[in-house]
Every structure is written in structure tokens, then in C-alpha cells.
Amino acid sequence: MSPIESNLQQARRSIDAAIAGCAKTRQQEVSLVAVSKTHSADAVRAAFAAGQRAFGENYAQEGVAKIAVLSGLKPHGIEWHFIGPLQSNKAGLVAAHFDWVQSVDRLKIAHALSARREGPPLQVLIEVNVSNEVSKSGVAPNETLAFAREVAVLPQLNVRGLMSIIEPAADTNLQRAQFQSLKSLFEQGRAEGLGFDTLSMGMSGDFALAIAEGATMVRLGTAIFGARASKSPSQERAA
Ligand SMILES: *Cc1c(COP(=O)(O)O)cnc(C)c1O
């Protein structure tokens, strides 16, 4: 068994254990996005061979290059998620090649994605900044639902829910509070009929807690592909 295959099995087991730890009424399926940024197309191929279908990329050019190399997997169900900061001059590239964009946080970008999307609508998540850190991307929590309503009217975008990156905190209660505020926004959106069905929160270091607090999708890079040259996503996002 390849290291990637055994990492995937381990991740799946940990996800299932976290789901089993939830109260019976709150148990739900959790989908796994394997974050392949900085890793090779061969690494993605190995994960695909082990049954993984959804992959996350942070950089438009790097992602599109990998998607092109692996285009043979498209008819076999590979699914590409753009999860990084998005500039409007890359919106066309992303709209043309990815299936999901999890990092929509500006109306200008949303319009550009919708305008450039051909074929089936792009599945999108609204990125929320629940850590209140000024340097980070994401919509402010109190503006999120109004923003989601504006994005939802765009013809080629299908708003599926919310995504957030939680600041790694030494204090578990602080992390839990951030997951909870995202979950509460998500439930408000559902109650308002926004059609949310996806709450993407949790990464390698905190996904069990995220699932306990209601995540329906987790994004794991290090846990599946091993360490990257640069460690924290906030560092990478600033690069
Ligand atoms: C890099 C990244 C991840 C994966 O991080 P790991 O800690 O390696 O699991 C998840 N989400 C986003 C948005 C990222 O940039």
C-alpha cells in the first residue's frame, strides 16, 4: 500500500470516528477534499487510485496545469475545488477548469466567475472570516448572508454554503467558538432558504473538532500528502 493510500484510510477512519462521536441526531456524512497544492500530479493520481475523488488547489496556474495533466481522470469522476485567494484576472481560468470555488468573498469576483463559466454552473462556497483577523480573506460574519443572497442570483453560480479557515489556536475553546459561529451562520442561511448544504471547515490539525461542531466537508492536505515546504495556509495565502 502506498503511503498516500494508507494516509487516506487513516483520515477516513478518523473522520468516521469523529462522526460517531456526534450525538445520533447530529450525525451526517462528511466529504473529504484532499488538498494537493504544491504536490505533484503523480501524488494526486495515487490518491485517485486509492478512491479519493475531490482535490483542492490554492493557486490558479498550478491547479490548471495539474488539471490538464490529469484530464484523463475527468470522465472517471475527479472533482477539482479551488480553495485559495482569487484575483479577478484569474477568474476566467478558474471558472473554466474547476468544479467548485470555495473562496468566493468579493462580488466582483463572483460576477467574473459567473460571466466566464460555460456548461454546468460552478458550485461555490462563500468564504467567511470568523477569526476577525484583518489581514485574512473572507466576508465579515455579519455581512455573509446578504452577500450570499447577492451571489445566489448569478446565473452560472450555485451557492452551496460556507467555508472558513480557522486560525490555529493553542486554545481549543477558541477554535470551537469559531467553528460554532460559522455553523450558526450556516443554519441561519438554511433557515432563510438559501439552499445551503455544505459547511466546509476543518483542516489536518483541527478536523475532528470541526466535525464535532457540524462540518459537512473537511479539507486535508498534510494528513494525506505529507508536509509542504511552507507550513501555514495563512503564510501561503500571503505569498
Ligand atoms: C492548505 C489548505 C488546507 C489544508 O491544510 P492542511 O493543514 O495541510 O490540512 C485547507 N484549506 C485551505 C484553504 C488551505 O489553504
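**Salt bridges, helices and the ligand**

Mentor: Start with Asp99, which is buried at a relative accessible area of 19%. Keep in mind that this is a predicted model.

Trainee: Which residue forms a salt bridge with Asp99?

Mentor: Asp99 sits in the loop between α4 (91-97) and β4 (100-104). Its partner sits in the loop between α3 (60-69) and β3 (79-82), 25 residues apart from Asp99. The closest N and O atoms of the pair are 2.9 Å apart. The partner is Lys74.

Trainee: Is Lys74 buried or partly exposed?

Mentor: Buried means under 20% relative accessible area, and exposed means over 50%. Lys74 has 38% relative accessibility. So Lys74 counts as partly exposed.

Trainee: How many salt bridges does the whole structure have?

Mentor: Side chains of opposite charge can pair when their charged atoms come close. A search of the whole structure puts the number of salt bridges at 10.

Trainee: What are the relative accessibilities of Lys66 and Glu57?

Mentor: These two form a salt bridge, with the closest N and O atoms 2.8 Å apart. Both values fall under the 20% cut-off for buried. Lys66 is at 7%, and Glu57 is at 0%.

Trainee: Which residues are linked with Lys66 in a network of salt bridges?

Mentor: One is Glu57, the salt-bridge partner of Lys66. The network also takes in another Glu. The residues linked with Lys66 are Glu57 and Glu62.

Trainee: Arg149 and Glu192 meet in a salt bridge. How many residues apart in sequence are the parts they tie together?

Mentor: The N to O distance in this pair is 2.4 Å. Arg149 lies in helix α6, while Glu192 lies in the loop between α7 and β7. Arg149 is partly exposed at 40%, and Glu192 is partly exposed at 42%. The pair therefore ties together parts separated in sequence by 43 residues.

Trainee: Now helix α7. What should its 20 residues span?

Mentor: Helix α7 covers residues 172-191. Count 1.5 Å for each step, with one step less than the number of residues.

Trainee: Why do the buried residues of α7 line one face of the helix?

Mentor: The buried residues are Gln175, Gln178, Phe179, Leu182, Lys183, Leu185, Phe186 and Gly189. Look down the axis of α7: they line one face because they fall within an arc of 155°.

Trainee: What do those buried residues of α7 pack against?

Mentor: The face turned away from the buried side carries exposed Asn173 and Ala191. The buried residues meet two helices and two strands. They pack against α6 (144-152), β6 (157-163), β7 (198-200) and α8 (207-212).

Trainee: At the start of α7, which residue has a backbone nitrogen within 2.9 Å of a side-chain oxygen of Asp171?

Mentor: Asp171 reaches this nitrogen with a side-chain oxygen. The residue is one of the exposed ones on α7. It is Asn173.

Trainee: On to α1. Around what arc do its buried residues lie?

Mentor: Ile4, Leu8, Ala11, Ile15, Ala18 and Ile19 are buried in α1. They are on the same side of α1, since they cover an arc of only 100°.

Trainee: Which residues are exposed on the other side of α1?

Mentor: The buried residues are covered by elements including β1 (31-35), α2 (41-49) and α8. The other side of α1 carries exposed Pro3 and Ala20.

Trainee: Where is Ser164, and which backbone oxygen lies 2.8 Å from its side chain?

Mentor: Ser164 is in the loop between β6 and α7. Ser164 is buried, with a relative accessible area of 1%. Among the residues it touches are Leu182 and Arg219. The backbone oxygen 2.8 Å from a polar atom of its side chain belongs to Val128.

Trainee: Last, the ligand. Which residues are closest to the ligand?

Mentor: The ligand is surrounded by 14 residues. The closest residues are Lys37, Asn58, Ser204, Thr222 and Arg228.

Note on methods:
Residues numbered from 1 in each chain as written. Predicted model: local features only at pLDDT ≥ 70, side-chain atom pairs only at ≥ 80, totals over all residues. Heavy atoms only, no water. Helix = DSSP H or I, 4+ residues; strand = E, 2+ residues; numbered from the N terminus. Buried < 20%, exposed > 50% of the residue type's maximum accessible area, 1.4 Å probe, protein only. Arc of directions from axis to C-beta. Contact = heavy atoms within 4.5 Å. Polar contact = N/O pair within 3.5 Å; in protein donor to acceptor, adjacent residues only side chain to side chain. Salt bridge = Lys/Arg side-chain N within 4 Å of Asp/Glu carboxyl O. Near = heavy atom within 4 Å. Lists of a residue's contacts leave out its neighbours within four places in sequence.
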